[in-house]
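Visitor: Could you walk me through this structure while I look at it?

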Amino acid sequence: LLSIICHTLIQMYLKCFQILQRYQLVAVQEIMDSDNAAVKHLVHQLNQESGCHYNFILSDHLGRSSYRERYAFVYNEELLQPLDWYHYDDGCEECGTDSFIREPFIVKFSSPSTELVLVVIHTSPDYAVQEVDSLFDVWTDAKQHFNTEDVIILGDFNADCSFLPANKWPLVRLRQSKALSWLIVDSEDTTVSVNTHCAYDRIVASGTVPDTIIPGSASAFNYQKALGLLYDKARDVSDHYPIEVEVKDTTWDGMMFEPSSSLGIEGGQSGMPCDCVGVDFTTCKGRCGAYNPSLPCHCNASCSKYNSCCADYKEFCQD
Ligand SMILES: [Ca+2]
Ligand SMILES: [Ca+2]
């Protein structure tokens, strides 16, 4: 079982097929088509190319503005089946008291021999410190929800370089907890550009998962080298390398699931109904990233540019 992040899959189908076929399970992010036609087409073509039975499960459109992204898990359905899933309830979007721009999508998969909970996240680079810290709450919630310690959190955390420099690690509970293993280490370069060396993309695991990882398998997959691509072509595929781990499964007896006849599962909607009773709209405390045109001041990254920040924006939302 492997996992991977593959960005901007729409543009460069063919190369992506070659990359996707390495994996039994893939977390995909930054999906921006309004229907699910692109992913459906991709998985359909992937099945034709590979002769395998891949399927996918899609999150809601996630974001605070009209710019929204979806997550998807693409999986080999003869070996993996989604059992149950939910969107993490991160607070009230309308009040700006939510903790993520794109709240994590959480899916419990079963294989013939085991079960595993996966949490996918694409953090906001502007609030990477707060969001990666808040992933600790998501991890706690996922463990309770599914009554298991075996959780993998993966995605573009923006967890390096200027977005999350090393001196901020003490503020990040996900990093400080001894119960979590950061499988993609700080020295890894997950960026395709030769001008950046940053471990933005991460796989973090708990429970029995770290013990099942094949040593040395957690890494960024340099598809430019592996496929012999020119630099410009590699950059057309993505600005990030996929990150991957290989899990050894010693108890699998060769059993496979029956593939389903339909393609694609909608993972439901995010966002519980909420009200803003008692919320102070004049402060950015607990409201970093908040933007609401009907309110006099904002706490989003571009408020400085428009001179519309609440007075304490710097204190609570900037370093
Ligand atoms: Ca949110
Ligand atoms: Ca690089």
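Visitor: Before that, what am I looking at, and how do the numbers run?

Guide: This is a predicted model, in which local features need pLDDT of at least 70 and side-chain atom pairs count only at pLDDT 80 or more, while totals for chains, interfaces and linings use all residues. Residues are numbered from 1 along each chain as its sequence is written, and chains are lettered from A and ligands numbered from 1 in the order in which they are written.

Visitor: OK, which domains does the assignment give?

Guide: The protein chain is assigned domain 1 (13–266) and domain 2 (280–319), with bounds that come from an automatic or database domain assignment. Their C-alpha centres lie 30 Å apart, and the contact between them takes 8 residues from domain 1 and 9 residues from domain 2; two residues are in contact if their C-beta atoms, placed from the backbone, lie within 7 Å.

Visitor: Now the sheets. What's the strand order in the one with 4 strands?

Guide: That open sheet runs β1-β3-β2-β12, with mixed pairing. The edges are held by β1 (25–31) and β12 (265–266), each of which has a single partner strand, so one side of each is left without a neighbour in the sheet. Strands (E, at least two residues) and helices (H or I, at least four) are DSSP runs numbered from the N terminus, and two strands pair if DSSP finds at least two bridges between them.

Visitor: And how do β2 and β3 pair, parallel or antiparallel?

Guide: Strand β2 (residues 54–58) is antiparallel to strand β3 (residues 70–76), with 5 bridges between them, and N55 stands opposite Y75 in β3.

Visitor: Which helix lies across those strands?

Guide: Helix α2 (residues 37–50) lies across β1, β2 and β3, and runs at about 165° to β2. For such angles, axes are lines fitted to C-alpha atoms, for helices over the stretch in contact, and the angles run from 0 to 180 degrees between N-to-C directions.

Visitor: What about the sheet with 6 strands, what order there?

Guide: The order is β4-β5-β6-β7-β9-β8, in an open sheet with mixed pairing. Its edge strands, β4 (81–87) and β8 (180–182), each pair on one side only, and neighbouring strands of this sheet are turned by 20° against each other on average, direction ignored.

Visitor: Tell me about β6, is it enclosed or open to the outside?

Guide: β6 is largely enclosed by the rest of the structure, because 7 of its 8 residues are buried. A residue is buried if 20 or more other C-beta atoms lie within 10 Å of its own, exposed if 12 or fewer, and partly exposed in between, with C-beta atoms placed from the backbone.

Visitor: Which strands does β6 pair with?

Guide: β6 (residues 115–122) runs antiparallel to β5 (residues 105–110) and is joined to it by 6 bridges, and these two strands form a hairpin with 4 residues between them. Within that pairing F105 stands opposite V120, and V107 has L118 as its bridge partner. β6 and β7 run parallel and are also joined by 6 bridges, with H122 partnered by D156 in β7.

Visitor: What does L118 touch, then?

Guide: Leaving aside residues up to four places away in sequence, L118 touches A27, F73, V107, F109, I152 and L154. L118 is also among the residues that touch the most other members of the largest nonpolar core, which has 80 residues. A nonpolar core here is a set of buried Ala, Val, Leu, Ile, Met, Phe, Trp, Tyr and Cys residues joined through C-beta atoms within 7 Å.

Visitor: Which helix gives most to that core?

Guide: The largest share, 7 residues, comes from α3. The buried residues of α3 include V132, L135, V138 and W139, and what covers the buried residues includes β5, β6, β7 (151–156), α4 (173–176) and β9 (201–206).
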